[in-house]
Amino acid sequence: MDASLEKMVDPTLAEMGKNLNEAMKMLEDSQREADEEREKKKYARKDIPGPLQGSGQNMTAILQLVQNLMHGEDEEELQPHRRLQNVGEQGHISLLGHSLAAYISVLDKERLRKLTTRILSDSTLWLCRLFRYENGSAYYHEDDREGLLKVCKLIIHSSYDDYATEGFNVLHNKSPVLYISSACRTGLGQYICNQLGLPISCMCSVPCNTMFGSQHQMDVALLERLIKDDIECGKLPLLLVANAGTPGAGHTDKLARLNELCNQYKMWLHVEGVNLATLTLGYVSSSVLAATKCDSMTLTLGPWLGLPAVPAVTLYRHEDPSLSLAAGLTTSQPVEKLRALPLWLSLQYLGHDGIVDRIKYASQLSQRLLENLRKLSSIRTSEVITKPKELTFTGKSVGNILGNILLAIVEDEFNSPVVVFRFIQEHLQSVSILDGAQESTKDSNERETDDALNRWLGEQLGQLVPTSGVDVVELEDEGVCIRFSPLMTAAVLNTAPEHVDQLAECLKAKIPILISTLQLREEFKEEVYRVTGLNYIEDLSWPGLGAVRYEVNNEESDPEKQQLAMEKISTGLLKKLKELDSDLMFSTGPEFGGEKNCIYIGMVTDNLDVPELVETIAVTGKEIEESSKLLENMTEVVRKGIIEAQQQLQKANEAKLLEEGVLRQIPVVGSVLNWLSPVRSSVKGRSFSLAGGSLEPTDKLYALKAQASEGTPPPTPTTSRTKHKSPGQKLFRRSSRASASDTVSETSMGHAEAMEESQTITETTRLEGENEIPKSSEYSVQLNGDLELPGPIQPEGKSEENSRNIHEVHQTSESAVAEDLEKEDLR
């Protein structure tokens with residue numbers, strides 16, 4: 001390509017192409033600097049605006065700054081699901097068009113006029129032939145809503161003769177009415193009214209069909225009644241906006257019938273939607289083909305063909321060029337006509353076959369996904385309610401037919417390239433057919449639960465397969481669904497057939513998790529209600545097993561302190577559960593949720609042991625609560641003991657002053673008197689016992705220390721009985737095979753536990769005898785100067801008995817070992 005640029009006659013144009021290539025290579029280079037350089041730049045203040053440099057900067061430094069702003073300083077910020085748009089060579093051609101537009105704008109007026117006329121005529125001719133729109137004109141605009149806005153101005157100018165001179169005054173006697181489908185994108189009607197200065201009452205939202213055909217198609221019969229009512233009220237119907245591919249489900253309105261209705265009432269029909277791209281294919285469905293007879297249509301070629309920064313195009317038919325000029329659909333400014341230059345270059349680069357192949361490829365991806373979805377019984381696409389005459393009951397029961405309608409993958413009768421699917425529960429809903437309509441008695445709570453699960457499923461699929469371009473949409477009738485629209489994303493993300501297969505595999509792997517979570521939700525709810533101390537939290541918007549709150553047995557009257565205690569226990573419980581099982585997802589719930597101090601459990605598998613999970617939550621919460629209360633009680637006891645100790649010290653100081661006299665308290669005089677006449681103080685030390693919570697003389701403490709130096713018996717070990725798990729089995733998981741302990745009798749179990757306890761005691765005695773670590777018998781705090789560290793508290797009256805038992809067990813085990821050795825020698 002560089003050799004071709006060098007052969008150009010115009011050196012400026014060749015230099016422009018070369019600079020663009022170099023700039024794109026630099027901007028697309030996503031390699032990061034070394035770790036040392038990144039650490040140096042970590043705290044650089046590059047994002048803070050500074051003064052403009054007087055000497056200026058070279059192109060390389062400027063492009064490097066742009067690259068840093070695009071990708072960010074931290075490599076971790078470039079997540080896979082936030083990748084930049086793929087810009088291939090055809091994208092470079094489109095970007096080159098913007099540079100050429102700026103360069104061409106400096107030509108003389110005559111050359112500029114000839115060039116822009118050629119660009120507009122070529123682009124309009126190519127687009128009209130591609131999309132089968134005969135005798136049409138084209139308007140190029142950046143905002144895809146601007147074309148419809150200009151069309152509305154053209155209609156008002158055509159319908160009101162004095163509008164150019166009188167303005168909005170002519171609209172007072174005969175108010176215009178704009179009809180927009182309720183399935184159109186949100187805010188479109190309000191945008192038009194605001195830009196035209198019309199009241200919102202001029203916009204009429206037409207409901208979609210609820211009796212026959214798709215749930216996302218405009219109700220033609222109701223539209224006709226609305227038009228007649230407006231005419232009787234003295235209003236003037238002007239415009240109807242229909243869909244060839246709704247923004248949500250991708251369904252197409254009955255355009256042929258709507259075209260006839262608009263011709264009858266002299267209304268303008270405007271069509272928009274992603275399905276208009278299929279007009280370039282060899283085979284086009286009759287519903288979309290009817291769009292070629294409409295008065296105007298808006299095409300968004302940028303996402304369809306993967307072309308960055310190309311304008312949208314509105315094709316329209318109108319015979320009066322003066323009105324088109326007044327509405328802004330045509331312009332006399334040559335610079336504004338250069339908007340079509342990037343698209344003009346891109347269309348020539350792709351060619352007719354390249355454009356058709358890209359759109360055909362996206363349609364094939366949709367069909368491939370549909371074929372994969374047909375194999376999954378728990379997935380349903382956009383629901384289609386068929387007419388009664390199309391239902392055949394021969395050889396099949398009504399229940400089987402209704403089951404097929406609810407659970408089978410149903411394609412749109414117009415074969416839309418947009419695939420919208422949704423996870424549904426496998427059990428059939430009670431269904432009745434009344435006047436040819438299918439009505440479901442699905443509970444609203446169940447609907448909200450399904451919406452939460454589908455929202456989670458869509459987010460998971462988007463993260464696992466980011467190149468698929470799936471997103472989550474919320475439809476009025478179906479609820480939350482997952483949408484796959486390759487016409488809008490495939491060219492940008494380079495979606496391949498293997499990515500579609502990967503999407504289907506990920507979906508297949510997630511379905512068992514969704515089913516098991518739904519099945520265990522009710523069991524989890526019942527178990528939480530059965531266990532005391534736990535409260536089940538009903539949160540239908542949570543996509544998981546459920547939520548539970550540990551209720552604190554606190555009689556605290558202050559609500560703030562009670563809330564603080566609950567928050568403390570909830571935080572500790574959440575941390576402990578995460579440590580016990582890292583596979584399960586424990587959290588505090590949604591960030592802006594209404595419930596506080598709760599434990600939310602995420603999606604689970606079918607091998608989850610729900611009773612054990614609930615019991616563990618209750619036991620762990622109880623332990624955290626008791627330890628917290630013990631710490632609070634100990635703190636209160638220590639606080640009272642310190643106060644009492646201060647009082648005792650004050651009394652002891654007063655007694656010492658009375659006994660020794662005032663002179664002995666003077667530093668120099670007191671030392672001389674004590675040297676000449678020593679005084680034996682009668683003030684005794686005191687110690688604070690944490691076990692008893694009282695002050696005691698230090699005589700008993702010294703006696704216990706003397707005994708400890710000679711050797712004290714070790715404490716009695718305690719054995720904890722935990723649930724036995726098979727090797728490799730995780731916590732909160734059911735065992736796949738029967739445990740060996742199920743076949744052991746109660747007698748043998750008791751004998752085994754006794755043997756295990758005896759061995760534990762013997763081993764403890766041996767280890768502690770070797771270490772010979774002396775331990776004090778109680779916690780103590782000296783009040784006569786020094787604060788001693790607390791030691792373990794021994795229960796009173798049991799140390800000698802425990803020591804005797806331990807020594808007896810130890811001797812018994814040693815004698816048994818000796819007898820075994822003698823028998824072995826005799827053999």
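Where does Asn597 lie? Asn597 sits in the loop between β18 (586-587) and β19 (599-601). Helices (H or I, at least four residues) and strands (E, at least two) are DSSP runs, numbered from the N terminus.

This is a predicted model, in which local features need pLDDT of at least 70, side-chain atom pairs count only at pLDDT 80 or more, and totals for chains, interfaces and linings use all residues. Residues are numbered from 1 along each chain as its sequence is written, and side-chain values use heavy atoms, with hydrogens and water left out.

Start with confidence. pLDDT is the predictor's confidence in each residue, from 0 to 100. The protein chain has a mean pLDDT of 75, and 65% of its residues reach 70 or more. Over residues 30-36 the pLDDT is below 50, and beyond near neighbours in sequence this stretch has 9 contacts in the model. Contact means heavy atoms within 4.5 Å. Where pLDDT is low, the predicted coordinates should not be read in detail.

Asn597 counts as buried because its relative accessibility is 16%; buried means under 20% relative accessible area, exposed over 50%, partly exposed in between (1.4 Å probe, protein chains only). Leaving aside neighbours within four places in sequence, Asn597 is in contact with Arg549, Gln563, Met566, Glu567 and Ser570.

Now turn to two helices. On one side of their contact are Arg358, Ile359, Ala362, Leu365 and Ser366 in α17. They meet Pro486, Leu487, Ala490 and Ala491 in α20. By class, this contact has 7 nonpolar, 1 polar and 1 charged residues. Ala, Val, Leu, Ile, Met, Phe, Trp, Tyr, Cys and Pro count as nonpolar, Asp, Glu, Lys and Arg as charged, and the others, Gly among them, as polar.
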